[in-house]
Structures are given as structure tokens and as C-alpha cells.
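Opening the notebook on a new model today.

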Amino acid sequence: MAEAKENTEYFAKGVLDTNLEGLKKVYKGKVRDVYEVDEKTSLFVVSDRISSFDRVMTTPVPGKGKILNQLSEFWFNYLEEKCGVKNHM
């Protein structure tokens with residue numbers, strides 16, 4: 001139960017950086033981090049980082065990564081359903 005509380009507090013502050021034990025980080029962009037799961041699989045993690053004029057701000061926007069993922073999921077599903085465009089989901 002204590003771990004759940006720590007996670008809630010962690011995410012409430014906003015996620016600026018990720019560090020997934022056991023996975024190799026192969027890229028850190030302005031918003032997304034990419035990890036290598038195996039030779040054929042990558043894991044994209046969206047953070048709450050925000051950038052302006054190609055600079056990453058030091059203050060995150062809590063929940064931004066979650067919203068970006070939800071927007072992407074909507075459009076992937078919409079385009080597949082309405083236009084037959086296949087995607088990775």
C-alpha cells in the first residue's frame with residue numbers, strides 16, 4: 001500500500017525523467033523516452049516534459065503524458081475504423 005501512495009505522489013508532481021530498470025534507454029527526446037525491450041521491440045514512454053523553442057522546461061505538466069497517449073490512441077483507432085489505416089496498436 002505504501003508503494004501505491006509513493007507512485008501517486010510521484011505522478012502528481014509530473015514525470016520529467018524515466019529510468020526503467022532492466023531496459024536500455026536508447027533515446028531521450030523532448031517529450032518521449034525510448035527503451036529497447038528486445039531486438040525487435042521498442043517501448044515508447046511519454047513524459048510530462050514540455051518544451052518551448054526547442055528547450056525542455058524544468059517544470060513538468062502533470063498528466064500531460066497521459067493526455068498525449070489518449071489523443072494518439074483516439075486517432076489511431078479513428079483512422080483504422082474510418083479509413084482502414086493499420087497501426088501498431
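My entries follow, going from the whole chain down to a single residue.

**Ground rules.** This is a predicted model, so I note that local features need pLDDT of at least 70 and side-chain atom pairs count only at pLDDT 80 or more, while totals for chains, interfaces and linings use all residues. Residues are numbered from 1 along each chain as its sequence is written, and side-chain values use heavy atoms, with hydrogens and water left out.

**Layout.** I looked up the secondary structure and got two helices and five strands. Helices (H or I, at least four residues) and strands (E, at least two) are DSSP runs, numbered from the N terminus. From that end, the order reads α-β-β-β-β-β-α.

**Burial and surface.** How much of the protein is buried? Of its 89 residues, 18% count as buried; the cut-offs are under 20% relative accessible area for buried, over 50% for exposed, and partly exposed in between (1.4 Å probe, protein chains only). The protein exposes about 7300 Å², and carbon and sulfur atoms supply 56% of that (Shrake-Rupley method, 1.4 Å probe; for residues, only the protein chains shown count as cover).

**Strands.** I followed the pairing from β1 (residues 24-28) to β2 (residues 32-38): they run antiparallel, joined by four bridges. Strands pair if DSSP finds at least two bridges between them. A three-residue hairpin links β1 to β2. β2 also runs antiparallel to β3, with six bridges, and the hairpin there has two residues.

Next I checked the largest pocket, which holds about 360 Å³ of space. On a 1 Å grid over the protein atoms alone, a pocket is an open set of points where a 1.4 Å probe fits, with protein on both sides within 12 Å along at least five of seven lines; lining residues have an atom within 4 Å of a point. Grid points are joined across faces, edges and corners, and the volume is the space filled by probe spheres set on them. Of the 13 lining residues, Phe44, Val46, Asn69, Phe76 and His88 are the closest to the centre. β3 (41-46) and α2 (64-83) are the elements that each give two or more residues to the lining.

**Glutamate 80.** Last, I found glutamate 80 in helix α2. Leaving aside neighbours within four places in sequence, glutamate 80 contacts Val85, Lys86 and Asn87 (contact means heavy atoms within 4.5 Å).
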